[in-house]
Amino acid sequence: MPENNLVADFEEAYQNLQFQPLITPEDLEKFQVPYREDVTARLKQLVKSCTPHSNKIIFAGHRGSGKTTLLAEFSRQQEEKYFVVFFSISDLIEMSDVNHINILFAIAVQLMEKAETQKVNIQNSIKNKFYEWFATRTKTKLEEIKAESSAGFDLLGIIKGKLQADAVTRTEIKEELGKNFADLIGRINEIAVAIENSGKDILVIIDDLDKLDLALIGNIYRDNIKALLSPRFRVIFTIPIAVVRNINLRATISTETDNKISIMPVAKLFAKGENRQPNPTAIEQTNLLFLDILQKRLSSKLIEAETAQQIVFKSGGVLREMIRIANKCCEECLLLIEEKPSRQDIKINQEILNRSLTELRLEFTAGLGKVEFEILTATYNNYEPDDSNNTNFLDLLHGLYVLEYRNDDLWYDIHPIVCDLLKRRGLI
């Protein structure tokens, strides 16, 4: 029946609008649009210019700005030249339990796993030493792990499973390896030397560190950065933009990495102040790019053209936010079809968008108090906060309430949905 086709179309769009990085060849073929080649070029240059004494790179940006997709594509581009290990920290460790020790341990495990996959010849003595070392440090019975492995289980997979799901193992790793930190670095570098003897230098890219709570990130990069940067090979670490806007943390990171910091800025849909005009003119190149990205995931027959444009504008130039708004609109349409199955004219229009934005606005409202509203209002009026190092401001930046933009100058604006919230309260 026709209405079932409409349901199927919206369900497909809803699935397309899940904000997942483009990792698989299928997703790349369906959805990829050339994006931020300038950022990729700078990363390539930073990696190329690394030396044995300066080979760690910090990649910063807002959550949802497209860093993961860009890094995934970048990792594929570097495969010919480097032994590339690209992984998400969230796939290996419970995010609330991440620290510098288990990040380094995760690197060791991922190096071993990639070497196995690529059939890189690592001496059995090195492999066995690593497994025995892991068992000793975590009070794990190696015989039991090997028995599971011989029964058809992947030994490295078992270790990864313990790292992900076993809080006791993570605690043991943090406590035991923290006491024997030099030993951990020794194991990592020993594995690295064996891999690099195959002919390629190592490049490790760790994604999703930017999704940690700011308090955890501060502890990792403020108190333990020397330890984190100890491995002797190239590593790209992701961090949120709020960390590099903290004066003290920025100074520490800059010093320890020899200022190898690359920023993924939010895409500018409007020149500074233009969006405050009655009939603002968007930056054409960015606007068309975002519309193209949206159209690849949401058929034009399901949305009015003017509404698609409004979704782009309401994103503030953050890819994740555009996807999130459009996804919510599809959800609203599916709900409307459920309520009125006989209607054949349902599509995403201004009414549907308004309903979606209302819910998203309420999500933003949760947790805001007087101090936050004052900071948001001041930032809106001045394009910068009164104190950019203020903890509350950095939290708002981390949470996408405030967005950072760049051209010849550095300036801030408020997320368009949060702007609507401030207007409703009469603050701007």
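Which element of the chain has the lowest mean pLDDT, and which the highest? In this predicted model, in which residues are numbered from 1 along each chain as its sequence is written, local features need a pLDDT of at least 70 and side-chain atom pairs count only at pLDDT 80 or more, while totals for chains, interfaces and linings use all residues. Side-chain values use heavy atoms, with hydrogens and water left out. The pLDDT, which is the predictor's confidence in each residue on a scale from 0 to 100, averages 88 over the chain, and 93% of the residues score at least 70. Among the elements, helix α7 (residues 142-150) has the lowest mean value, 56, whereas helix α16 (residues 305-314) has the highest, 98. Helices (H or I, at least four residues) and strands (E, at least two) are DSSP runs, numbered from the N terminus.

Salt bridges, each defined as a side-chain nitrogen of Lys or Arg within 4 Å of a carboxyl oxygen of Asp or Glu, come to a count of 24 in this model. One of them joins the side chains of Asp413 and Arg276, with an N to O distance of 2.8 Å. This pair links distant parts of the chain, 137 residues apart, since Asp413 belongs to strand β7 (residues 410-414) and Arg276 to the loop between β5 (261-264) and α15 (284-297). Asp413 counts as buried at 4% relative accessibility, whereas Arg276 is partly exposed, with a relative accessible area of 25%; here buried means under 20% relative accessible area, exposed over 50%, and partly exposed in between (1.4 Å probe, protein chains only).

A salt bridge is also found between Lys211 and Asp208, at 2.6 Å from N to O; Lys211 is partly exposed at 41%, while Asp208 is buried at 9%. In the pair formed by Arg222 and Asp223, the closest N and O atoms are 3.1 Å apart, and Arg222 is partly exposed with a relative accessibility of 46%, as is Asp223 with a relative accessible area of 46%.

On the surface, Glu384, Asp386, Asp387, Asp408 and Asp409 gather in a patch of negative charge. Such patches are made of residues with over 30% relative accessible area and no salt bridge, like charges being joined within 9 Å and nonpolar side chains (Val, Leu, Ile, Met, Phe, Trp, Tyr) within 5 Å. Within this group, Asp386 is found in the loop between α19 (370-382) and α20 (391-398), and Asp386 counts as exposed because its relative accessible area is 70%.

Ile205, by contrast, has a place in strand β3 (residues 201-207) and counts as buried because its relative accessible area is 0%. Ile205 and Ser262 are separated by 57 residues in sequence and by 13 Å in space, from C-alpha to C-alpha.

Positive phi values in residues other than glycine include that of Lys119, near 55°, and that of Asp258, near 60°. Lys119 is placed in the loop between α5 (100-117) and α6 (124-138), and is exposed, with a relative accessible area of 73%. Asp258 lies in the loop between α14 (247-256) and β5, and likewise counts as exposed, at 52% relative accessibility.

Note on methods:
Accessible areas come from the Shrake-Rupley method with a 1.4 Å probe; for residues, only the protein chains shown count as cover. Lys and Arg count as positive and Asp and Glu as negative; His and the chain ends are not counted. The place of a charge is taken as NZ of Lys, CZ of Arg, CG of Asp or CD of Glu.
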